[in-house]
Amino acid sequence: MNTHLYFHIFFIPFYLILLPVSGTCQNDQLSILIQLKNTLQFNSSFSTKLVSWNTNATDCCSWEGVKCSQSGQIIGLDLSNETISAGIDDSSVLFNLKSLESVNLAANKFNFKQIPSRFGSFTSLLSLNLSNSGFSGQIPGELSQLISLEVLDLSSFFSYGIHSLKLENPNLDKLVQNLTKLRCLYLDNVNISSQKSDWCQSLSSSLPDLEVLSLSNCQLSGPLDDSLEKLQSLSVIRLALNNLSHLVPDFFANFKNLTVMNLGSCNLIGTFPEKVLQLQSLQILDLTVNMNLNGFLPYFRMNGSLQSLVLSHTNFSGGIPESIGNLKNLSRIDLMRTNLSGKIPESMGNLTQLVYLDLSSNKFIGLIPSFQKCKNLTHVDLSQNDLSGMIPPAHFQDLQNLVFLDLGFNHFNGSIPSSLFSLQKVQQIQLSNNNFDGLLANFTNPSLSSLDTLDLSSNKLEGEIPRSFFELGKLSVLLLSSNNLSGTIKTIEFQDRLSNLTTLDLSFNNLSIITSDDISLVSHLPKFSSLKLASCKLDKFLILRNQTRLKHLDLSNNIIGGKIPPWIWKVGNGSLSYMNLSHNRLTRLEEPYNFPNLTVLDLHSNHLSGVIPIPPRTATIIDYSNNRFNSSLPESIGRNLSYAYFFSVSNSLLTGVIPKTICNASYLKVLDLSNNQLNGSIPNCLFESSSSLGVLNLGNNSLSGQIEGTFPRNCRLNTLDLHGNSIEGNIPESLVNCTMLEVLNLGKNNINGKYPCSLSNNTNLRVLVLRSNRLHGSVGCSQSQHNNWPKLQILDIACNNLSGFIPKDCFLQWGAMITDENGDPPSKKHLSFRVLGLSGIYYQDTVTVTAKGLELELVKILTLFTSVDISSNQFSGELPSTIGRLKALRVLNVSYNDFTGSIPPSIRNLSQLESLDMSWNKLTREIPYALTSLPFLSTFNVSYNQLTGRIPTGSQFQTFENDSYFGNTGLCGFPMTRNCYLLTEIAPEVQESKNRYDWQFIIIGVSFGTGAAIVIGTLMLSKKVRHFWDKYTTELVKMICLALGIRYAPYGLFEEDEDDEKETLDSDENSNESELESEVNQSKGRYCVFCTKLDLSRKQAIHDTKCTCFDRTKLLPTLSSICSSEAVSPYIKL
């Protein structure tokens, strides 16, 4: 027994050590706490500590949030989350607790009061936590006196702007210079901008034992100084949301204790050190939103500690290594919107701790691994990649914790995995924009499903919508648009079953929606906020009077006819903001109507007539195009476009003038009034307000006058289309201010002046159409006004009076025609203008070009399409060989000019060329055989030149007909009937005859010549004889032509007087215009007896182009037709 007693006595000191150190509260300490409680203002309903303090108790050390020393002194006070709003200032009794070692006032509401300076009087303080407490202003310098402090937390979750805490005087350097024992520093969202870039030196020199550095969003600037390498004890680094703009130092890989690194949104550059990713101690790495930060995922060793890897919105590239499966603790992977590619490794399916996976918006390809082993997965986002293949049902089987799944915008095919429809906890399934096909599976136990959002739009799904879809009681969003779903759906299917449904989109399927006129049934429909039933074969309006929450209504592309009822504008009780009734058969708006505060009003492509409806003032998108209004724009319409971004009434039979109030639309991005009958001049303000306007399309009207007004220096025009009017004057010099201009179409006007060399600074120009105007002079520009258009893809200056030589370096500045790589992103396939930066609303540019003998309207201007048309001018000289540099050119038309010399052999380099027209020039020599190497050439015309030699054969040239070579007497070979061997046999005889004289033929020739001179002289001197001869020869030729089945158009050889000449010309022009509309195998044109040959094989009269009986301008009535008519082909066969 004594031994047992001695044993207990011996271990009494150890028992005392193990007992709590907190003693009994001293009376003075108790009194201070009671006074403190009475002076603090807090909400007792949310308090858990202060409200429990019993002021009648004698031992305050047992109170919640109070910690005492063994002697009864209060050494710890935790009043966090107590909703304290007042009572802590320099006069507070709190500062009478002299022994405090720990103070925690976090998460209170001190209403942006300043931190009391008396906190610096706690000389024994080891930990001070004032985070998220609503303190504001300058951090007091007295805190630097807390020389024993180990933890300082003045952080907040948010920045409060001018109400945020700040370190100016003293700055960070002064604050920490005495806090040499500090191990943890939290100053997130404290403004430390005054410290500039020397904050690294301040920390490393004063805080050698620092373990936690948390300075997120402190307005710090870089670089990350090498002095930070001294802080070898660092385990947590949080510097997110600072503009460091620097490389990530390699020495971070030497921090063996590093567990957390957060450098998100720091504008980091360079390449991230791979060795940091391989640190065995690292648990959390967050580098999100550093767009210019490169890097690669390294080999990951076994037993790594990494739990969270967040690299979203960086420029990491390469693939995900198979070794990622070695990171067994990994629970979060966020690699969204990086530049990663390759296949998703199968080993990722072995990460059993994985909870969150986001690989969206990358370039991953191939099949996806099975996630069947990842039972903890709650979030999977693989959208917007190039993933493909079928997804077996087992891949997502038994993932009972899965809440979110997004596989949209990929290339998956086959059936949708049926296992997805059996997961009870899943809330969102998004599989849109894939190639899923087949029938939809039924949901297992739909009444128990938690599904909130189901998006299967833009696939190839077939069959009827399963009945179980209408039993998903918690479903809020159902999107099935753009599939091949079929069947009939009655609106009663939605009654009472889908009571939570707010968004429904069944557009663009083969569905038929059957609606009921029974208001009692319609009243039980779900309360929609968005209803889209485009192309659902609706022939009448749904009864939506009881839809009090409707904001978005789309009934477009149906067969709804008649008037628009007034009640449709009242649905939603004023909340309706989007209305699309386009592509129906609506005839007018039934009066009286009152538009709600719509943002989008789309009525285009109907049969609406009458007065144009005044849009609501709130509208930003208004489209009335393709209707039959047949009225003028109301003078006041501009006042209702104050917030409009898009306004179109094109192709709607508008008349009258453009009201000047249209310029009140100061936010307008797109104005399209094209294809109407508007007249008068264009308001100057439309050009002067182009600082906001992106598209101005007034083409195909009857507008007149000049382009007046000055384009501002901040001009933002992307498209200017004024073609097909009667605009006069010069192209304004101020157009050079529109540096963003991509499409300029001034064709078919009366614009005069010289070639617009002043547009040389418009380096974004892609389409330039100036055809059918009165431009004159040379296209050569000075060195300072060079045609530097690296993106130009369509140039059309045909049908003007331009002349002179084509400069050799003219073609060298058009980069988009030189190479197919025009710098466009893959998503930009055609020219368009985005109306709003964050919207999917685009304005589609159009242009009419001459290609392959026809004028074609390009509804979508593909970025790959290139065309040069300089036809019907007066250019002369040789075609520059530099034209062969335009390797991406598809259409080239240089016809109806005065080009001489040979066809440049360099044209063989135009490997994409589809159409080549060089007709009606003075080109000589042979057709280069190298042109047969052009693989896509389908239209070729060199008619009416002076070409000689054999026509090349082979490849595409085998498909060209005689039409391509007419008017070249020196050409022979297929497809012409003139054989080349006959020319070679006759040639030696001609050569031999040059060396001797045959007097017999000379005498005969002189005799015939004398006789002819007498006859012609008599004809010229005698008017009566002349009439007789003209009539006789006409009848003779006519009889010959009729006998041979040839159609003949007579032309008087001699002219009587001016009146006769005018009458004859008019009749001939009318005859020619009618003949142009006839079939191409009929003879056309004006003929005289001396200049016409009869081709018996084709039964056609061929006129000699060298005929001088009458002027050449009379020979070519078709030239004006080409330049004025949009329907006539430039390849006119005579």
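Before looking up any side chain I note the term: a residue is buried under 20% relative accessible area, exposed over 50% and partly exposed in between, with a 1.4 Å probe and protein chains only. The model is a predicted one, in which local features need pLDDT of at least 70 and side-chain atom pairs count only at pLDDT 80 or more, while totals for chains, interfaces and linings use all residues. Residues are numbered from 1 along each chain as its sequence is written, and side-chain values use heavy atoms, with hydrogens and water left out.

**Entry on aromatic rings**

I looked up Phe 421 and found it buried, at a relative accessible area of 2%, and Phe 469 is buried too, at 0%. Rings of Phe, Tyr and Trp (its six-membered ring) pair if their centres lie within 6.5 Å, and planes under 30 degrees apart count as stacked, over 60 as edge-to-face and the rest as tilted. I find 30 aromatic pairs in the structure. In one of them, the centres of Phe 421 and Phe 469 are 6.2 Å apart and the planes stand at 80°, so this pair is edge-to-face. Strands (E, at least two residues) and helices (H or I, at least four) are DSSP runs, numbered from the N terminus. Phe 421 lies in the loop between E24 and E25 (428-430), and Phe 469 in the loop between E28 and E29 (477-479), so the pair ties together parts that are 48 residues apart in sequence.

I then turned to Phe 940 and Phe 957, whose ring centres are 4.9 Å apart with planes at 55°, so the pair is tilted. Phe 940 is in strand E63 (residues 939-941), whereas Phe 957 is in the loop between E64 (946-950) and E65 (970-972), so parts 17 residues apart in sequence are tied together. Phe 940 counts as buried at 3% relative accessibility, and Phe 957 is buried at 2%.

**Entry on strands**

Which strands does E26 pair with? Two strands pair if DSSP finds at least two bridges between them. Strand E26 (residues 435-439) pairs with E24 (residues 411-414) in the parallel sense over two bridges, and Gly 414 stands opposite Phe 436 in E26. Three bridges join E26 to E28 (residues 460-463), also in parallel, where Leu 439 stands opposite Glu 462.

I also noted an open sheet of three strands in the order E42-E44-E46, with parallel pairing. Its edge strands are E42 (679-680) and E46 (726-728), each pairing on one side only.
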